[in-house]
Amino acid sequence: MEETIDLNRPGAFSPPEWNSAVITEFRANGGKVGGVYEGLSLVLVHHVGVRSGIERIAPLVPFRQDDRLFVFASKAGADEHPAWYHNLVARPRTTVEFGTETFPVVARVLTGAERDEIYAKQSAVQPAYAEFQRKTSRVIPVIELQRT
């Protein structure tokens, strides 16, 4: 059973400059990391800045259902979408790293009942996501990373 995100754990939502250490640890340990992410699955989502054109990588906690992989633009319940979300909407063809695999995907934003169903499933296994949705007036986007 995976550990859940503890909203009160120090460092649970780290600044972007911390991503580099998480990415290095992920790659060195076959997709596993310690610290605040110990016991959680992570996916490294590559994305290119809409304005900057710079490639970046976002370590995200995914939800898996069968062969499907989903990520959530929660930004810990902030009132604006994370930059990586806007970048994936603008350029949905990208690459992800999951475990020891690297593969191409197309990002697809879910809507309506499909979005609600997957978000509810993620909230059931990671209750922090229910809290994120309560903290904001926006509907937190759910993105399927479809392997191509």
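Strands S1 (residues 43–48) and S2 (residues 55–60) run antiparallel and are joined by six bridges; helices (H or I, at least four residues) and strands (E, at least two) are DSSP runs, numbered from the N terminus, and two strands pair if DSSP finds at least two bridges between them. This is a predicted model, in which local features need pLDDT of at least 70 and side-chain atom pairs count only at pLDDT 80 or more, while totals for chains, interfaces and linings use all residues. Residues are numbered from 1 along each chain as its sequence is written, and side-chain values use heavy atoms, with hydrogens and water left out.

- S1 and S2 form a hairpin with six residues between them, and Gly-53 in the turn has a positive phi of about 75 degrees.
- Val-48 has Glu-55 of S2 as its bridge partner, and His-47 stands opposite Arg-56 in S2.
- Five of the six residues of S1 are buried, where buried means under 20% relative accessible area, exposed means over 50%, and partly exposed lies in between (1.4 Å probe, protein chains only).
- S1 also pairs with strand S5 (residues 93–98), in the antiparallel sense and over three bridges; within this pairing, Val-45 has Val-96 as its bridge partner.

**The whole sheet**

- Seven strands form an open sheet in the order S2-S1-S5-S6-S7-S4-S3, with antiparallel pairing.
- S2 and strand S3 (63–65) stand at the edges and have a single partner strand each, so one side of each is left without a neighbour in the sheet.
- From one strand to the next, the twist averages 35 degrees.
- Three bridges connect S3 with S4 in the antiparallel sense, and the bridge partner of Phe-63 in S4 is Phe-70.
- In a regular strand the side chains alternate between the two faces of the sheet.

**Helices against the sheet**

- H2 packs on the sheet and touches S1, S2, S4, S5, strand S6 (101–109) and strand S7 (142–147); contact means heavy atoms within 4.5 Å.
- The direction of H2 makes about 65 degrees with that of S1; axes are lines fitted to C-alpha atoms, for helices over the stretch in contact, and angles run from 0 to 180 degrees between N-to-C directions.
- H3 lies across S3, S4, S6 and S7, and runs at about 115 degrees to S3.

**Two residues of helix H2**

- Asn-87 lies in helix H2 (residues 83–90) and counts as buried because its relative accessible area is 7%.
- The side chain of Asn-87 makes a polar contact with the side chain of His-47 at 2.9 Å; a polar contact is a pair of N or O atoms within 3.5 Å, where within protein one must be able to donate a hydrogen and the other to accept it, and residues adjacent in sequence count only if both atoms are side-chain atoms.
- Not counting residues up to four places away in sequence, Asn-87 touches His-47, Val-48, Gly-49 and Val-50.
- Ala-90 also lies in helix H2, but Ala-90 is partly exposed, because its relative accessible area is 46%.
- Ala-90 and Val-48 are 42 residues apart in sequence, and their C-alpha atoms are 8.9 Å apart in space.

**Nonpolar cores**

- The largest nonpolar core has 23 residues, of which Tyr-37 and Phe-72 touch the most other members; a nonpolar core is a set of buried Ala, Val, Leu, Ile, Met, Phe, Trp, Tyr and Cys residues joined through side-chain atoms within 4.5 Å.
- Helix H1 (19–28), strand S4 (68–72), helix H3 (112–125) and helix H4 (128–135) are the elements that give two or more residues to this core.
- Leaving aside neighbours within four places in sequence, Phe-72 is in contact with residues including Val-61, Trp-84, Ile-118, Tyr-129 and Val-142.
- A second, separate core of 17 residues includes Ala-58, Leu-69, Ala-107 and Ile-143.

**The chain as a whole, and confidence**

- The protein chain contains four helices and seven strands, which run α-β-β-β-β-α-β-β-α-α-β from the N terminus on.
- Of the 148 residues in the protein chain, 44% are buried.
- Among contacts between residues at least 6 apart in sequence, 63% join residues at least 24 apart.
- The mean pLDDT of the protein chain is 90, and 89% of its residues reach 70 or more; pLDDT is the predictor's confidence in each residue, from 0 to 100.
- Over residues 1–13 the pLDDT is below 50, and this stretch has 31 contacts in the model beyond near neighbours in sequence.
- Where pLDDT is low, the predicted coordinates should not be read in detail.
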